[in-house]
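Q: Please take a close look at the aromatic rings in this model. How do they pair up, and what surrounds them?

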Amino acid sequence: MKKSIKWGVIGITVASFGVFATVVQQNAPQKKETKSYRLPSLADPLTEKEKQDRENWVESLDWQEGNWDVNGTQVFQTNGSMSPANNRTQVS
Amino acid sequence: MMYTFRAMNSTIHLDSEKGQEDIQRLFRTMEQCASRFRMDNELAYINRAALYRPIYISKLMYDLLACAIDVAKKTDFVIHPFVGKAMCALGYDRSFSEKSGVSKQETEGFTQSPVELLGERWIIKTKPFQLDFGGFGKGFAADKAKHILQQQGVSKAMVNAGGDVSLIGRYTVGIAHPLQVNRDIAIIEVEHMSVATSGVGHRSWIEGESMRHHFVDGRTGRMAENGALQATVVAKTTVEAEVIAKLFCILSYNEAIHLVRAKFPHCAFFVYRRNEQLYVGGDVHNYLHHWTVAA
């Protein structure tokens, strides 16, 4: 009889410890997964959305084609020259 | 009264009583920061920096680099500042006044940026490159100078950075003849615009039996050959004018027209080709008040 009581106490103690350990583990803070982030690179290929954004941007430009000379580029055959102006633009 | 000083391998003329010290300081800073021919400046530091390590740079250099990368994307990498190695390979490895001609192997170009802008003045190199802003740096400085003068309330001024001209108010500007010294090929009258000229005449040299110049197609890293001797462009900013003029000197005429019309329609241009023909086009009505071509 005494022996069975002794084993019963041991059993209850072990079970209690098991319950306690389970509760502690459940309440312990979960270990977070580590994620690494990479900044977008200029070398990355464009996504479809980026491509679309770029196309929209080009279309949104104040398109000035109508203001380009309607006759197109004028071409002058020139072998003459002029005296230099005070302010000049030149190859630098 | 014209105020004149030397900076960035060019003579800078400033037609303004106000802002003279500020403008001179700006050009000197640009020279110290971004000249390819100095070994002790920020540009050299970036060129030597290791790959895949963040680099902290000045705001001026960051803005310049960001602007250059925008231009590179817009021109499909025909023009970008990462061609320093190719320039050295072509023999343009010192300032032009010191050049004697050194021939080396040609190099590859870029079709994507070898540097990432991380923001807040941080960048990271992803491929080795040699920065060379060339005339782009001068155009950038001329635009900054114009901005400084406008902030100081100046209503009429001209900044002429060795031929790259930025204007506040209306001015008459001569376009230098590409082959005749001290002669002009056209006279234009413009207001609040910028005018820039690129060409092969002045900065070209002979190596062996071939003529070399400093125009490199950024996509291939090879010297461009397209028949244009000189291109002058009028646009809203000097950077834009400089870039468009370079496009006309690098791409074939039809390619250049296509790209300029699609991406840079706000301009007027004068392109002088080897056959003594001057092509005038673009938005000439809005960008030029008056223009005359030498007969």
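A: What follows covers the ring pairs, the charges over rings and a helix.

This is a predicted model, in which local features need pLDDT of at least 70, side-chain atom pairs count only at pLDDT 80 or more, and totals for chains, interfaces and linings use all residues. Residues are numbered from 1 along each chain as its sequence is written, chains are lettered from A and ligands numbered from 1 in the order in which they are written, and side-chain values use heavy atoms, with hydrogens and water left out.

Rings of Phe, Tyr and Trp (its six-membered ring) pair if their centres lie within 6.5 Å; planes under 30 degrees apart count as stacked, over 60 as edge-to-face and the rest as tilted. Ten aromatic pairs are counted over all chains. One of them is edge-to-face, between Phe76(A) and Trp291(B), at 5.9 Å centre to centre with 85 degrees between the planes. Phe76(A) lies in strand 1 (residues 74-77) of chain A and Trp291(B) in strand 18 (residues 290-293) of chain B, so this pair joins two chains; strands (E, at least two residues) and helices (H or I, at least four) are DSSP runs, numbered from the N terminus.

Ring pairs also link Phe248(B), Tyr253(B), Phe269(B) and Tyr279(B) into a cluster. Arg273(B) lies over the face of Tyr279(B), 5.5 Å from the ring centre; the rule asks for NZ of Lys or CZ of Arg within 6 Å of the ring centre and within 35 degrees of the ring normal. Lys156(B) lies over the face of Tyr171(B), at 3.9 Å.

Tyr253(B) is among the buried residues of helix 7 (residues 253-263) of chain B, where buried means under 20% relative accessible area, exposed over 50% and partly exposed in between (1.4 Å probe, protein chains only).
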